[in-house]
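Dear colleague,

Please find below the structure for your review.

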Amino acid sequence: MDAQTYWEKIYGTRAADAVSWYRPHLEKSLGLIEHAVSGHSASIIDVGGGESTLVDDLVARGYRNITVLDISHTAIDVTKNRLGSASEGIRWLIGDITSMELQPCSYDVWHDRAVFHFLTAADERTAYVRQVAKAVKTGGHVIVSTFGPEGPTKCSGLDVVRYDAGSLHREFGVRFHLLGSSTELHQTPFGANQQFLYCFCRIEWA
Ligand SMILES: C[S@@+](CC[C@H](N)C(=O)[O-])C[C@H]1O[C@@H](n2cnc3c(N)ncnc32)[C@H](O)[C@@H]1O
């Protein structure tokens, strides 16, 4: 089964708050985004945003240049419907982050929670990093969150790669200046704990 069919099936059969990665609010992500940018006009992309409430919270805080990208039409439709008329001010992109066309130098902030760790093949990770380096402005910020070293080895039935700050940063390379990293213990809606790692980088001049 290809990735798009897989994720359509997940979102077609589960409510937004009935998936292991669900949190009512992505507080850590919001904090890092607010730390990264000074104004509300910053261009922010949530990669693999799924049905998360990050976009709702960014809109509520006044950010007005937001893009949400996901491989699943269903997830994007659910999120759009939840937002109602506010969805009209958001750019919605549907596609595979490793291969879709992105505008060069267009984002101040790249946010990914729980997408990069699904890329178990080295060529997929290389393609992903190439996309970030192309689409994020020089001086822009990159927030990537994966399962940490003590996190699960699978998510939603798919194998994942777990990272610590060093191994995740090595995937991105020296142009990505590591500003900070931390872990978060995420409690799933089913009561289990999952360790997430957050890395926060700035893209330096080439
Ligand atoms: C574990 S969920 C995380 C969703 C959201 N970021 C959150 O934290 O609630 C992973 C998301 O990545 C999306 N996804 C998986 N592979 C992708 C790819 N290659 N390109 C774009 N999106 C992808 C899935 O559809 C799903 O919405």
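Please note that the model is a predicted one.

**Backbone and burial**

Ala114 has a positive phi of about 70°, although this residue is not a glycine. Cys105 sits in the loop between strand E3 (91-94) and E4. As background to both, most residues other than glycine have a negative phi.

Is Ala114 buried or exposed? The relative accessible area of Ala114 is 13%, and the cut-off for a buried residue is under 20%, so Ala114 counts as buried. Ala127 is also to be classed as buried, because its relative accessible area is 15%. Ala127 is part of helix H5, which covers residues 122-135. Between Ala127 and Asn65 there are 62 residues in sequence and 25 Å in space, taken from C-alpha to C-alpha.

**The ligand**

The ligand is surrounded by 17 residues, and the closest of these are Tyr11, Gly48, Asp70, Ile97 and Arg113.

- Ile97 places a backbone N or O atom 2.9 Å from a nitrogen atom of the ligand.
- Ile71 likewise places a backbone N or O atom 3.3 Å from a nitrogen atom of the ligand.
- Arg113 has an N or O atom in its side chain at 2.7 Å from an oxygen atom of the ligand.

On its own, the ligand has 590 Å² of accessible area, and the protein covers 97% of that.

**The largest pocket**

The largest pocket holds about 710 Å³ of space. Its lining consists of 37 residues, and those nearest the centre are Trp7, Ile71, Ala114, Val115 and Phe118. Ala114, described above for its positive phi, is therefore also one of the residues nearest the centre of this pocket, where a lining residue is one with an atom within 4 Å of a pocket point. Ile71, which has the 3.3 Å backbone contact with the ligand, is named in that group too.

Which elements supply at least two residues each to this lining? They are helix H1 (3-13), strand E1 (44-47), strand E2 (66-70) and strand E4 (107-113). H1 provides the largest share, with four residues. By class, the lining comprises 20 nonpolar, nine polar and eight charged residues.

**The cavity**

A search of the whole structure returns one cavity of 30 Å³ or more. The largest cavity contains about 50 Å³ of space. Strand E5 (136-147), helix H6 (165-172) and strand E9 (193-203) are the elements that give two or more residues to its lining. H6 gives the most, with three residues. The lining is formed by Val142, Val144, Leu168, His169, Phe172, Cys199 and Cys201. Six of the lining residues are nonpolar and one is polar, while none is charged.

With kind regards

Technical notes
Residues numbered from 1 in each chain as written. Predicted model: local features only at pLDDT ≥ 70, side-chain atom pairs only at ≥ 80, totals over all residues. Heavy atoms only, no water. 1 Å grid on protein atoms, 1.4 Å probe; cavity = no way out; pocket = protein on both sides within 12 Å on 5 of 7 lines; lining within 4 Å. Points joined across faces, edges and corners; volume = space filled by probe spheres on them. Nonpolar A, V, L, I, M, F, W, Y, C, P; charged D, E, K, R; others polar. Buried < 20%, exposed > 50% of the residue type's maximum accessible area, 1.4 Å probe, protein only. Near = heavy atom within 4 Å. Polar contact = N/O pair within 3.5 Å; in protein donor to acceptor, adjacent residues only side chain to side chain. Areas by Shrake-Rupley, 256 points an atom, 1.4 Å probe, with all protein chains shown as cover.
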